[in-house]
Amino acid sequence: MSDKKGSVVKRVLTWSFPYANKDLPEYRTKERNMFAFGMLGQNLIFAMVNTYLSVFYSTVIFVPAMALLVVTVISRIWDAINDLMMGTIVDRTHSRWGKCRPYLKYVPIPIGIFTVLMFIPVRSLGDAAKVVFVIATWLSWELLYTLGDIPLWGMTSVMTPDTKKRTELVSAARIVGGLSAVVGFVFEPIVNVFASKDIGWFDGAAEKVGYDYYSYQQGYFFAVLLVAVIGTALFKIPFIFTRERIRPTQTSDNITFKQSAKLLLSNKFFLRAVLSNILGCTRNLVTSAGIYYCMWVLANGGNYTLWLAALGGPFFVGMGAAMIFAGKLDMKYGKIKVQIWLSYLGAIPYLVGFAVMYLCGVGVWQMIIMGVCMALAGFGSGLQPVYTTTMIEDSVDYVEWQTGSRYDGVFLSGLNFCAKLTNAVTLAITYLVFWIVNYTVRIEALTDAISAGKNTLDFSGEYPDIALALLILITLIPAVGSILQALPLHGYKLTNEMHAEIIKDLKERREAKEEN
């Protein structure tokens with residue numbers, strides 16, 4: 001009986017169902033859809049961490065802003081090492097499931113566990129203890145996330161060699177992953193449900209305007225637990241239903257960490273794609289710093305769900321539309337030309353949004369104009385994640401064409417590091433602005449005042465400097481990033497036509513190898 005129970009537990013933890021070992025025919029739509037489910041699960045977790053971990057640190061447990069800025073820098077140094085190391089390990093992995101799939105079997109559940117651990121309520125600890133808690137849980141989560149993210153994205157490069165199908169796969173993954181934005185709209189209501197129930201954890205807490213009892217710490221913990229369970233379950237699906245079909249013309253077993261770093265730095269196409277992504281990352285401040293703007297400026301410390309939907313909803317609709325049309329625009333005009341023009345034009349909606357909200361204040365027609373601006377800004381931003389991924393995958397084919405070896409893990413580790421670095425840049429900018437306006441100390445005092453009985457608030461009137469800083473974070477700074485994003489793409493030579501010739505030649509080499 002114990003063996004049987006042990007087998008059940010093992011199957012639950014590793015999801016080792018017979019279908020995962022079954023040989024599948026060539027790549028089909030069903031496989032793309034199953035991969036998309038996994039991407040949705042992973043992105044639910046990432047979107048929640050990316051959007052709300054900063055809020056949790058700065059507005060719920062009140063970690064000092066400068067400490068968070070330092071920890072963010074430390075985490076990126078840590079990521080630069082472990083991402084490349086993991087990419088190297090993936091490229092040296094050989095198993096009956098391939099080199100990427102094994103990690104999709106074992107890693108999702110630990111990621112879910114550490115996601116919950118990051119949101120443990122520790123406001124009562126001293127500042128030093130909070131910083132230790134942040135470092136221990138955040139860096140551990142970053143390592144585990146890397147163990148899952150690089151192989152997951154690596155699958156897009158090895159499931160099919162067909163350029164059109166690969167672009168469609170990446171677009172589908174990005175679109176479905178973009179649906180994780182729903183976390184931004186439903187998370188706060190979920191937090192409200194859990195935070196407003198007095199279960200005896202935080203007696204007398206009333207940390208939000210309009211509630212007799214409200215505990216941010218309690219609400220965040222249970223809301224995160226719910227999302228983490230759902231995300232983890234979905235994240236496990238790709239291991240079962242996807243397969244690796246591309247094998248390199250020669251193995252890359254002996255590649256070292258140093259050689260991996262040299263590969264990344266010598267691939268000019270990869271570097272241009274990554275640099276463009278980094279320079280344009282401030283456009284993501286709409287989805288991260290926008291939470292603070294809705295919470296304090298628009299909602300006056302009350303329920304901000306509708307305000308978040310009004311501000312962020314159009315942005316995500318624009319992003320989704322861009323991802324849907326990314327493949328068609330690429331085929332008709334070329335992704336580089338499209339990105340360059342939309343990067344320059346993409347600055348305009350942010351500038352208009354700033355002018356309207358700063359000069360005219362908050363009102364119905366102002367929010368309508370702001371919504372239109374956010375939709376246009378979202379369209380400009382939505383193409384970047386699709387095109388950056390396909391550009392990096394194209395560079396993998398280019399390197400294989402030159403060297404004969406395929407390094408999906410190494411270059412997809414670069415994509416993973418790029419995603420986390422851009423997140424860090426936006427966080428660093430946010431924390432720096434918070435430090436300038438002394439956000440953490442003043443908001444903690446405000447929260448204590450609300451808990452003590454303060455039931456009226458005019459945030460923009462009482463904290464005009466913070467209100468302006470938050471508006472700048474979601475408008476002017478993204479406008480600058482939108483323009484900078486285009487600069488590295490001028491002179492980019494790996495066109496669709498050149499890539500098609502590379503794919504044709506690689507296919508002939510693989511067929512010749514199989515015949516021999």
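This is a predicted model: local features need pLDDT of at least 70, side-chain atom pairs count only at pLDDT 80 or more; totals for chains, interfaces and linings use all residues.
Start with helix 2, residues 29-60. The helix holds 32 residues. From first C-alpha to last, helix 2 reaches 43 Å, close to the 46 Å expected at 1.5 Å a residue. Helix 2 is not straight throughout: a kink of about 40° is centred on Tyr52. Most of the helix is covered, with 27 of its 32 residues buried. After helix 2 comes Phe62, whose phi is positive, near 60°.

Tyr52 belongs to one aromatic cluster, together with Phe56, Tyr57, Phe119, Trp138, Phe187 and Tyr220. Across the model, the count comes to 26 aromatic pairs. Take Trp141 and Tyr145 as one of them. Their ring centres are 4.8 Å apart and their planes meet at 20°. The cut-off for stacking is under 30 degrees, so this pair is stacked. Both residues sit in helix 6, residues 127-158. They are 4 residues apart there, which means a separation of about one helical turn. Trp141 counts as buried because its relative accessibility is 2%, and buried means under 20%. Tyr145 has a relative accessible area of 4%, so Tyr145 is buried too.

A second pair is built in another way. Tyr292 and Tyr439 are edge-to-face, with 5.7 Å centre to centre and 85° between the planes. Tyr292 lies in helix 13, residues 285-298. Tyr439 lies in helix 19, residues 439-451. The pair therefore ties together parts that are 147 residues apart in sequence. Tyr292 and Tyr439 are both buried.

The charged end of Arg101 sits over the ring of Phe239, 4.8 Å from the ring centre. Another phenylalanine, Phe270, has its place in helix 12, residues 268-279. Phe270 counts as buried, because its relative accessibility is 5%. Pro349 is 79 residues from Phe270 along the chain, and their C-alpha atoms are separated by 29 Å.

Now turn to the empty space. Rolling a probe the size of a water molecule over the atoms shows where such space is left. The largest pocket holds about 1,100 Å³. Its lining has 45 residues, and Asn43, Phe46, Asn50, Asn284 and Met319 lie nearest its centre.

The whole structure has 3 cavities of 30 Å³ or more. About 110 Å³ of space lies in the largest cavity. The lining of this cavity counts 13 residues. Nearest its centre are Val49, Leu53, Trp138, Asn423 and Leu427. Of these, Trp138 is also a member of the aromatic cluster that includes Tyr52. Helix 2, helix 6 and helix 18 each supply at least two residues of the cavity lining. Which helix gives the largest share? Helix 2 does, with 6 residues.

Notes: Residues are numbered from 1 along each chain as its sequence is written. Side-chain values use heavy atoms; hydrogens and water are left out. The expected span of a helix is 1.5 Å times one less than its number of residues. The bend at a residue is the angle between axes fitted to the seven residues ending there and the seven starting there. Buried means under 20% relative accessible area, exposed over 50%, partly exposed in between (1.4 Å probe, protein chains only). Rings of Phe, Tyr and Trp (its six-membered ring) pair if their centres lie within 6.5 Å; planes under 30 degrees apart count as stacked, over 60 as edge-to-face and the rest as tilted. A charge sits over a ring if NZ of Lys or CZ of Arg is within 6 Å of the ring centre and within 35 degrees of the ring normal. On a 1 Å grid over the protein atoms alone, a cavity is a set of points where a 1.4 Å probe fits but cannot get out, and a pocket is an open set with protein on both sides within 12 Å along at least five of seven lines; lining residues have an atom within 4 Å of a point. Grid points are joined across faces, edges and corners, and a volume is the space filled by probe spheres set on the points.
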